[in-house]
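Biologist: Before I plan anything around this protein, I would like you to take a close look at a single part of the model and describe it carefully. What does that part consist of, and what lies against it?

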Amino acid sequence: MKETPQVKIPKRILGTLLNSAGAGVVPRQGLEYIAIGREKEINALVRDLENISLGMGAFRFVVGKYGSGKSFLMGLIRANAQEKGFVTADSDLSPERRFHGTQGQGLATFRELMRNLSCKSMPDSGALPAILGNWFTSLQMKGITEEKLLQNSPELSDFVQREIFRVCRTLQGNVNGFDFAKVLVAYFNAYTSGNDAMLEDALRWLRGEFTGKMQARASLLSINSVIDDQNWYEYLKLYAVFFRLIGYKGFLVLIDECVNLYKIPNRVSRENNYEKILSMFNDTMQGKAEGLGIILGATPQLIEDPRRGLFSYEALKSRLVPGKFIPDGKQNLLSPLIYLQRLTDNEIFALCKRLLSLHSSYYGYAPRIGDDEILAFLKVAFGKMGADEMITPREITRDFLNILDIMFTDPDASFNELIGKTEFVSESKKDEDDDFFNLDEIQI
């Protein structure tokens with residue numbers, strides 16, 4: 001068995017990672033430390049990032065059942081994109097957040113995306129003020145280094161304003177670009193003059209937090225438009241253009257829990273949401289969404305159900321359905337649909353091995369179990385009828401970390417007793433030979 005050198009992980013990140021994984025929740029940081037497998041899927045999505053950085057668009061569904069690793073993979077790509085210089089935004093859909101609705105559900109999704117706006121310097125959320133502030137600072141540095149202007153001089157301020165106007169003129173050629181540019185100028189003036197009230201009004205407008213045009217007109221911005229349910233997606237495209245203009249590689253939007261669209265009882269409302277997905281798909285594929293990547297997390301049911309799923313909407317089905325010449329067990333990783341396959345036995349063993357190493361490192365103890373005990377745990381887990389196909393990484397991770405927690409907090413706890421009490425108890429359907437896991441092929 002090949003082992004890679006230990007990597008020093010900040011204790012805060014490691015603690016959050018273990019707590020989240022043990023609760024069956026995907027953490028926002030540290031995913032790379034427990035990333036096992038999925039190389040083909042990751043490579044496919046990384047290629048999308050390269051295309052987005054060239055000004056193209058990208059659209060993908062990451063498809064898998066609950067607990068299969070959809071959210072994990074999306075979080076991993078989110079972190080990868082930030083490292084490469086992208087701005088990211090993520091949101092989960094819910095009954096209150098959709099792509100389209102009559103009670104502000106679309107705008108609620110946009111607001112959540114803006115709250116979770118992130119970049120390399122602010123990887124968690126709330127990055128919009130930092131992004132704008134860094135842009136203004138970079139323009140000032142450009143004036144100082146290239147134009148030889150003095151810091152805090154009127155000439156430097158004039159130079160920065162001219163650069164902002166240059167970017168704003170470019171944005172004015174896009175849909176809704178004029179009002180967006182007007183707010184950016186107001187934001188800069190408030191930023192330099194210390195007008196906190198106008199600064200807050202500008203941020204609220206940019207995040208879609210005004211409730212209507214009357215409120216926008218009454219604000220210090222005196223503007224006659226707002227981001228609303230009808231135009232919020234157009235502003236996502238505008239943000240993608242803006243982020244590239246100010247030096248970022250592109251804008252990656254990740255929206256999970258799209259299965260909530262499948263649960264909408266009203267057919268017309270459901271199809272209105274599917275129509276919005278169709279618009280996103282067409283724009284990114286046809287080059288109408290410069291520098292914008294969209295990744296949606298979905299279940300097979302949402303995609304394939306002919307009565308309520310996306311395949312019930314013929315315009316989407318004709319674009320998403322796999323080709324006729326793809327044999328069973330193969331998938332086209334350049335297509336819009338990326339189906340997550342079950343991790344191999346060796347990959348699941350490697351995951352448990354990694355979790356044991358991280359758990360013992362965080363809590364500072366010498367592990368009381370080794371490879372043989374991990375194998376015993378997995379054979380019990382897979383011993384349940386059908387578990388070899390149905391068990392998910394979330395279940396394995398949660399159950400294994402629960403065992404490690406008990407063994408750490410209770411020195412008298414017996415490993416064999418713990419796995420004997422697990423819900424997976426049954427007659428093992430696996431042979432006890434060494435071929436069940438090929439340890440020589442595992443790389444931790």
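Modeller: A helix axis, as I use the term here, is a line fitted to C-alpha atoms over the stretch in contact, and an angle between two axes runs from 0 to 180 degrees between N-to-C directions. Please keep in mind throughout that this is a predicted model.

The axes of helix 1 (residues 11-22) and helix 15 (residues 345-363) come within 10 Å, and they cross at roughly 125 degrees. Angles of 65 to 115 degrees count as roughly perpendicular and those over 145 as roughly antiparallel, so helix 1 and helix 15 are described as oblique to each other. The crossing of helix 1 and helix 15 is left-handed. On the side of helix 1 the contact involves Lys-11, Leu-14, Gly-15, Leu-17, Leu-18 and Asn-19, while helix 15 contributes Leu-358, His-359, Ser-361, Tyr-362 and Tyr-363. Sorted by class, the residues where helix 1 meets helix 15 are six nonpolar, four polar and one charged.

Helix 15 has a further partner in helix 16 (residues 371-383), for the axes of these two also come within 10 Å and cross at roughly 125 degrees. Helix 15 and helix 16 are therefore oblique as well, but their crossing is right-handed. Here helix 15 uses Asp-345, Ile-348, Phe-349, Cys-352, Lys-353 and Leu-356, which meet Asp-371, Ile-374, Leu-375, Phe-377, Leu-378 and Phe-382 of helix 16. The contact of helix 15 with helix 16 holds nine nonpolar residues, three charged residues and no polar ones.

Phe-59 stands opposite Ile-294 of strand 4, and Arg-60 has Ile-295 of strand 4 as its bridge partner. Strand 4 also runs parallel to strand 3, to which five bridges join it, one of the pairs being Ile-255 with Leu-296 of strand 4. Strand 1, for its part, is joined by three bridges to strand 5, again in parallel, and there the bridge partner of Phe-61 is Leu-337.

How far are these strands covered? In a regular strand the side chains alternate between the two faces of the sheet. In strand 4, Leu-292, Ile-294, Leu-296 and Ala-298 lie on one side and Gly-293, Ile-295 and Gly-297 on the other, and all of them are buried. Strand 1 is likewise covered on both faces, with Ala-58, Arg-60 and Val-62 on one side and Phe-59, Phe-61 and Val-63 on the other, all buried.

The loop between strand 1 and helix 3 contains Ser-68. Because buried means under 20% relative accessible area, Ser-68, at 6%, counts as buried. If its neighbours within four places in sequence are left aside, Ser-68 is in contact with Arg-38, Leu-340, Thr-392 and Pro-393.

To place all this in the whole, the protein has 19 helices and five strands, and 52% of its 444 residues count as buried. Among contacts with a separation of 6 or more, 72% are between residues 24 or more positions apart. Taken along the principal axes, the C-alpha atoms fill a box of roughly 75 × 55 × 35 Å.

Terms used:
Residues numbered from 1 in each chain as written. Predicted model: local features only at pLDDT ≥ 70, side-chain atom pairs only at ≥ 80, totals over all residues. Heavy atoms only, no water. Pairing = 2+ DSSP bridges. Helix = DSSP H or I, 4+ residues; strand = E, 2+ residues; numbered from the N terminus. Parallel < 35°, antiparallel > 145°, perpendicular 65-115°, else oblique. Left-handed = near helix turned anticlockwise from the far one by under 90°. Contact = heavy atoms within 4.5 Å. Nonpolar A, V, L, I, M, F, W, Y, C, P; charged D, E, K, R; others polar. Buried < 20%, exposed > 50% of the residue type's maximum accessible area, 1.4 Å probe, protein only.
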